[in-house]
Amino acid sequence: MVADPKPATLSADEVRRLTELVADERRVPTASAGTRTPNIEDFCRDAALLLGADAVIRDEKALDKASTDWAHMSPILAARLPAGRAEVVLRPSRHELVPAVVALAHRLRIPVTPRGKGTGNYGQAIPLRGGAVLDLTACDRVLDAGDGWIRAEAGAKMSDLESHARSLGQELWMFPSTFGTTLGGFLAGGNGGTGSLSNGTNGDGFVRELTVVPCTAEAEPFTVRNEDALPYIHAYGTTGIIATATVGLQRARAWTGLFAAFDAWESATAALAALVRLEPAPRLVSMDEPGLVRTFAPDPALDPEALSLRTIVEEHAGPEARALIERHGGRVLETRPAPHGPALVSSLSFNHPTYHLMKAEEGWFHLEISGDVLLGDPSAVKAVYPDTVLHLEGMRAGPVGMLMARYEDPDTVYRGIEALNALGVGVHDVHQWYVDRRVDLVRATARTTDPLGLINPGHLLSA
């Protein structure tokens with residue numbers, strides 16, 4: 001569950017059009033229970049020969065689980081669920097087995113949806129047209145590492161990569177708030193996280209190299225590096241299946257978590273903006289209104305009656321960060337060293353406050369937001385929707401965050417997006433499951449890497 005540190009790439013009208021297409025079965029057909037893909041029995045039989053019978057799963061519960069992610073966090077998407085159902089789940093045990101399976105799918109015209117832990121919350125991993133779900137979580141080996149980089153299979157957990165890097169005196173450039181997500185899932189469906197404050201997002205140099213399996217007759221893996229990897233990042237697998245990835249490391253540092261409370265929004269956001277400019281840069285700075293803090297697990301570091309500002313800073317920068325917070329009228333409630341302090345700060349970042357609010361009470365929706373206007377008086381922003389509460393993340397390019405409000409209906413959501421845009425708030429809509437990054441580049445790439453449109457079909461709209 002990761003917020004987008006960049007403004008929306010689609011207008012409100014385009015977002016509305018995309019969402020309406022979900023219900024248009026002529027353009028985006030889905031696979032409901034009972035629908036069968038031609039050749040699926042032949043595919044399952046031959047896949048068992050390639051992977052072993054235990055890796056070809058048709059148990060009903062497994063199919064249900066593999067056909068869902070966290071799209072139900074959107075009431076607009078939830079109303080359209082179930083949107084597709086896997087007919088088989090494949091679990092290869094190493095990345096070298098993936099090309100043969102994809103070549104088989106190409107030959108028999110079987111849709112294939114690659115999947116990691118299923119922690120995405122926009123429906124990116126829902127198999128809209130049935131077929132096979134390729135569960136890559138068993139392809140979880142760390143393959144190699146060196147000075148400034150680490151290479152692993154797509155199913156390796158980000159938490160394991162960070163642990164391995166730490167054993168070498170290094171650390172990841174960044175990792176998502178859902179720390180146990182897979183490397184491939186994060187690169188194909190996520191965007192940023194802890195460390196993005198100074199290092200940017202997945203498309204900003206974090207990815208050094210990808211091994212990609214195209215859906216062609218031969219399914220011959222190929223390697224792309226640096227900027228050439230962009231068509232495969234945040235493309236939901238529609239341009240090819242990420243088999244291995246090499247991502248950036250940096251020198252390991254000793255981090256600590258600082259937890260502060262503020263009484264006024266403008267004071268808290270001024271402190272947030274100042275912490276972002278602190279040198280050395282924090283790994284994360286997050287802020288929540290009391291209405292969100294009250295939904296978190298009770299902790300002496302969190303005052304449920306005050307605005308909560310939390311940051312991960314280097315240990316030696318702790319006194320300077322504390323003084324900065326106090327200069328802006330804040331109260332430092334606790335300084336908590338690693339691992340527990342930074343881990344708690346990370347676990348309450350990006351979309352996780354949304355999760356806590358929705359778990360505590362039904363009837364909410366959310367939007368990803370951005371813009372310097374969020375640092376000032378929030379009253380106009382909060383007036384757009386009823387009972388709005390805000391979560392912010394500090395970024396060098398400006399704050400991003402989550403807006404949560406009472407849900408009424410889709411039209412109200414989209415009218416509100418227009419109103420927020422008029423106020424100078426960037427909005428990334430989370431109520432549609434189509435590729436919305438570098439769309440033209442992704443389409444052009446997919447014409448070569450997936451000419452039959454079999455990889456995660458339905459998630460990449462035609463021009």
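Helix α10 passes helix α12 in a right-handed crossing. A crossing is right-handed if the near helix is turned clockwise from the far one by less than a right angle, and left-handed if anticlockwise. The contact is made by A271, A274 and L275 of α10 and by A321, L324 and I325 of α12. Contact means heavy atoms within 4.5 Å. By class, this contact has six nonpolar, no polar and no charged residues. Nonpolar here covers Ala, Val, Leu, Ile, Met, Phe, Trp, Tyr, Cys and Pro; Asp, Glu, Lys and Arg are charged; the others, Gly among them, are polar.

This is a predicted model: local features need pLDDT of at least 70, side-chain atom pairs count only at pLDDT 80 or more, and totals for chains, interfaces and linings use all residues. Residues are numbered from 1 along each chain as its sequence is written, and side-chain values use heavy atoms, with hydrogens and water left out.

Back to the helix pair. α10 spans residues 265-276 and α12 spans residues 318-327; they pack at an angle of about 150°, with their axes 9 Å apart. Axes are lines fitted to C-alpha atoms, for helices over the stretch in contact, and angles run from 0 to 180 degrees between N-to-C directions. The two helices are therefore roughly antiparallel. That term is for angles over 145 degrees; under 35 is roughly parallel, 65 to 115 roughly perpendicular, and the rest oblique.

Now the whole protein. It has 17 helices and 18 strands. These are DSSP runs, numbered from the N terminus: helices are H or I with at least four residues, strands are E with at least two. Buried residues make up 61% of the 463 residues. Buried means under 20% relative accessible area, exposed over 50%, and partly exposed in between (1.4 Å probe, protein chains only).

Most residues other than glycine have a negative phi, and most peptide bonds are trans. The table lists the exceptions by residue.

| Site | Feature | Value |
|---|---|---|
| L81 and P82 | cis peptide bond | omega about -5° |
| A338 to P339 | cis peptide bond | omega near 5° |
| Y236 | positive phi | about 60° |
| D387 | positive phi | near 60° |

P82 sits in the loop between α4 (75-78) and β2 (88-90). P339 lies in the loop between β14 (331-337) and α13 (340-347). Y236 is in the loop between β9 (222-225) and β10 (241-251). Is Y236 buried or exposed? Y236 is buried, with a relative accessible area of 6%. D387, in the loop between α15 (379-382) and β16 (389-393), is partly exposed at 47%.
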